Amino acid sequence: MTYALEINDLKKVYSGGVEALRGIDLKVEEGDFYALLGPNGAGKSTTIGIVTSLINKTSGNVKVFGYDMDTQLMQAKLQIGLVPQEFNFSPFETVQQIVVNQAGYYGVSRKEALERSEKYLKQSDLWEKKNVQARMLSGGMKRRLMISRALMHEPSLLILDEPTAGVDIELRREMWTFLKELNDNGTTIILTTHYLEEAEMLCRNIGIIQKGQLIEDTSMKSLLAKLQFETIILDIESSGQMPVIKGYESELMDEGSLSVEVGRDQGINELFNQLTEQGIKVLSMRNKSNRLEELFLKLTEETA
Amino acid sequence: MFKLYLTALKGLAVKETNRYLRIWIQTLVPPVITTSLYFIIFGNLIGKRIGEMGGFSYMEFIVPGLIMMSVITSSYSNVSSSFFSQKFQKNIEELLVAPVPTHIIIWGFVIGGLGRSTLVGILVTIISLLFVPLQVYSWSIVILTFLMTSILFSLAGLLNGIFARSFDDVSIVPTFVLQPLTYLGGVFFSISMLPPFWQIVSQFNPIVYMISGFRFGILGVIDVPILFSVLISIIFVISLYALNWYLIEKGRGLRS
């Protein structure tokens, strides 16, 4: 089977002796929407840097759609579109110049690139700004520009390194819809993000990197199934006293908020029964944190 | 793949050309003003008192040297500052992630240097025509020495851009190395006028060969045999090209 991305025993030791990757093995299937998570400094950006030729590896092997990056580098590069974490375009070039030039580096003729620029800049709502220098754009527009630029050569594998960092909620949701559509149309997407809600909403499979090692590589569904407990917050009508709840770990956070740990197979009916019996009215209920976030913290703490 | 590389080269060359044309007030105007002042002060005012040199008026003698001086500075600074700026702004990554071979990257930047130095060379030549009529001894030698010089100093500028870590590093070499070598390379005098010891020292200055060759193409007078000048230029071009290729390929200053 040919994978969109196949990484074998990838190691990276920086010149200062820092061991960033300690033998990563990773396979991303064609058409997948894959999340690569990990705390800061875990090795996510180093992995992406090596896959996109921005960082030299120490050892190991990377294949993109079957093209070995050691022996078929140019073919491998042709398959990849990268949206980096930091803005890396010339601030003095216009929006259209940036995307057209980039397409040229992938062998797209100028005529074709101009046509595609209209398509992708319109898609990201930047067509009106095509003659504006990039430095004049807002942060959100700059991020959209980087996505348009990465799509100009119509890559089979799109890699996004924290694409929604610093983007407001409305725009983030627009970008999610756009990326979902792109994935539905066949583009394999690999995403690193700090917004775990983003990974849970978009991705089918997930890998967690911790201290240069892949500690999880599974489907989002089976990862979330590992979650044994969920913490819920109940906003209750204050009685000033801590309710007695049998069978549940609970804690009164303040006069009106109760934190309760609910086991996976435990259910919440019994919890509500007990509260009703004690005459406590529940006003609202919410998760303490995102489910994935809880699991992520648990997994990374375990291996710390 | 050849078609892809050709499109990439065209794209990079257009980008580089747009860059120096966009900031023409910084890239094209200063050499024109500087050389005009040289023509007025050294050629016209002081030159009249110097008399002939190599059988030509002093003004005629310095014209090829001044054109070459502008070509050297323009090609060098165009490539060094463009490459370093792209490194500094990180947009060099646009090239590094793309299927663009190192040879194409080198030639893309060299074409930028070549284009700017050609424009500057033409502008300085037009200015010189206001002061002195120009007759060309050999067009082929003029074109050959111009091309070799421009390519050589574009490659030297690229090397500077690769090693540079700050904007200071980009300006240090032109100020402390390039400018002295150019002034001592025979722009304003014939190398044969120097004492024997300094004539030997001058043989280690590559700019002597460029200016001598270009002056031969225009005036037909020469300090160093033309074949030797061309040979030295070729050796420098090949060495610098190989060094740049090796450093970019290894990712020196580009990839960690």
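**Questions on a predicted complex**

Modeller: A:Glu162 counts as buried because 21 C-beta neighbours lie inside 10 Å. This is a predicted model.

Colleague: Where in chain A is A:Glu162 placed?

Modeller: The phi of A:Glu162 is near 50°, a positive value in a residue other than glycine. Its place is in the loop between β7 (157-161) and α6 (169-184) of chain A.

Colleague: Is A:Lys211 buried, exposed or partly exposed?

Modeller: A:Lys211 lies in the loop between β9 (205-210) and β10 (213-219) of chain A, and has a positive phi of about 50° although it is not a glycine. A buried residue needs 20 or more other C-beta atoms within 10 Å, and an exposed one has 12 or fewer. With 17 C-beta neighbours inside 10 Å, A:Lys211 therefore counts as partly exposed.

Colleague: How far apart are the C-alpha centres of domain 1 and domain 2 of chain A?

Modeller: Domain 1 of chain A covers 5-225 and domain 2 covers 229-303. Their C-alpha centres lie apart by 38 Å.

Colleague: Which element gives the most to the side of chain A that touches chain B?

Modeller: The contact takes 24 residues from chain A and 23 residues from chain B. On the side of chain A, the elements that give two or more residues are α2 (73-79) and α3 (95-105). The one that gives the most, with four residues, is α3(A).

Colleague: How do the residues on that side of chain A divide by class?

Modeller: The side of chain A that touches chain B is the one to which α3(A) gives the most. Its residues divide into twelve nonpolar, ten polar and two charged.

Colleague: At roughly what angle do the axes of α3(A) and α1 of chain B cross?

Modeller: Helix α1 of chain B spans residues 2-22, and its axis comes within 7 Å of that of α3(A). The two axes cross at roughly 145°.

Colleague: Which residues of α1(B) make the contact with α3(A)?

Modeller: By class, this contact has two nonpolar, four polar and two charged residues. From α3(A) come A:Asn101, A:Gly104 and A:Tyr105. From α1(B) come B:Thr7, B:Ala8, B:Lys10, B:Gly11 and B:Lys15.

Colleague: What feature does UniProt place at residues 22-251 of chain B?

Modeller: Over residues 22-251 chain B is 78% helix and 2% strand, with the end C-alpha atoms 29 Å apart. The UniProt record, an unreviewed entry, gives this stretch as "domain: ABC transmembrane type-2".

Colleague: What ipTM does the predictor give the complex?

Modeller: For chain B, the mean pLDDT is 91, and 100% of its residues reach 70 or more. For the complex, the predictor gives a pTM of 0.85 and an ipTM of 0.86.

Note on methods:
Residues are numbered from 1 along each chain as its sequence is written. Chains are lettered from A and ligands numbered from 1 in the order in which they are written. This is a predicted model: local features need pLDDT of at least 70, side-chain atom pairs count only at pLDDT 80 or more; totals for chains, interfaces and linings use all residues. UniProt positions are given in the numbering used here, feature names are shortened, and annotations may be inferred rather than shown by experiment. pLDDT is the predictor's confidence in each residue, from 0 to 100. Two residues are in contact if their C-beta atoms, placed from the backbone, lie within 7 Å. Ala, Val, Leu, Ile, Met, Phe, Trp, Tyr, Cys and Pro count as nonpolar, Asp, Glu, Lys and Arg as charged, and the others, Gly among them, as polar. Domain bounds come from an automatic or database domain assignment. Axes are lines fitted to C-alpha atoms, for helices over the stretch in contact, and angles run from 0 to 180 degrees between N-to-C directions.
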